[in-house]
Amino acid sequence: MTRARLWGYFAGTAAVAALFGFLFGWYQAYPAQHSRDRALLRLRVSEARARTLDARIALVRANYGNAREHTEEAIRLLEAFKSSGQRELAQSESAKVERAQQLLKESLALAPTMPTPTTDAAGGRPEDQAEARALEASNLLGEVYRATPEP
């Protein structure tokens with residue numbers, strides 16, 4: 001009976017030590033995971049902003065194929081961001097991301113496939129309006145990036 005009791009104490013001590021080790025490891029890993037999540041959040045926002053700025057540059061240079069490509073990729077990145085990381089943002093920053101995505105969709109609709117020499121009565125060429133919307137979207141994404149906490 002004493003031998004069985006000794007093995008029982010040993011097994012109980014090992015289980016408690018394993019539990020404490022697990023809890024200590026989890027406690028130590030939590031800040032690293034939190035920093036990783038914040039870094040990924042900032043990375044996703046900055047990547048979408050970079051694509052938006054690339055689209056703006058392509059619009060200024062009248063490279064409409066690249067502008068369309070960059071704008072579609074920025075919209076795709078923001079849609080992926082909405083499904084994964086947007087819940088970590090404040091409500092005001094989340095609204096800015098949604099507004100930036102809407103502006104990019106409007107810019108995509110305005111960006112022509114070929115330049116048009118005419119101007120419309122609404123205030124300029126469609127390329128200029130698309131570039132202005134891309135600029136506003138990149139400014140909004142920049143504000144969101146600066147508002148996210150650093151890792």
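Predicted model: local features only at pLDDT ≥ 70, side-chain atom pairs only at ≥ 80, totals over all residues.

The side chain of Glu131 makes a polar contact with the side chain of Arg56, at 2.4 Å. When neighbours within four places in sequence are left aside, Glu131 is in contact with Arg56 as well as with Leu59 and Val60.

## Packing of helix 2 and helix 3

Helix 2 (residues 64-84) packs with helix 3 (residues 91-110) at an angle of about 155 degrees, and their axes lie 10 Å apart. Since angles over 145 degrees count as roughly antiparallel, helix 2 and helix 3 are therefore roughly antiparallel to each other. Their crossing is left-handed. Residues of helix 2 that make the contact include Arg68, Ile75, Leu78 and Phe81, while those contributed by helix 3 include Val97, Ala100, Leu104 and Leu108.

## The chain as a whole

The protein chain has 4 helices and 0 strands, and reading along the sequence gives the pattern α-α-α-α. Of the 151 residues in the chain, 30% are buried, and the accessible surface comes to about 9700 Å², with 58% of that surface belonging to carbon and sulfur atoms.

Among contacts between residues at least 6 apart in sequence, 68% join residues at least 24 apart.

Terms used. Residues numbered from 1 in each chain as written. Heavy atoms only, no water. Helix = DSSP H or I, 4+ residues; strand = E, 2+ residues; numbered from the N terminus. Buried < 20%, exposed > 50% of the residue type's maximum accessible area, 1.4 Å probe, protein only. Contact = heavy atoms within 4.5 Å. Areas by Shrake-Rupley, 256 points an atom, 1.4 Å probe, with all protein chains shown as cover. Polar contact = N/O pair within 3.5 Å; in protein donor to acceptor, adjacent residues only side chain to side chain. Axes fitted to C-alpha atoms, helices over the stretch in contact; angles between N-to-C directions. Parallel < 35°, antiparallel > 145°, perpendicular 65-115°, else oblique. Left-handed = near helix turned anticlockwise from the far one by under 90°.
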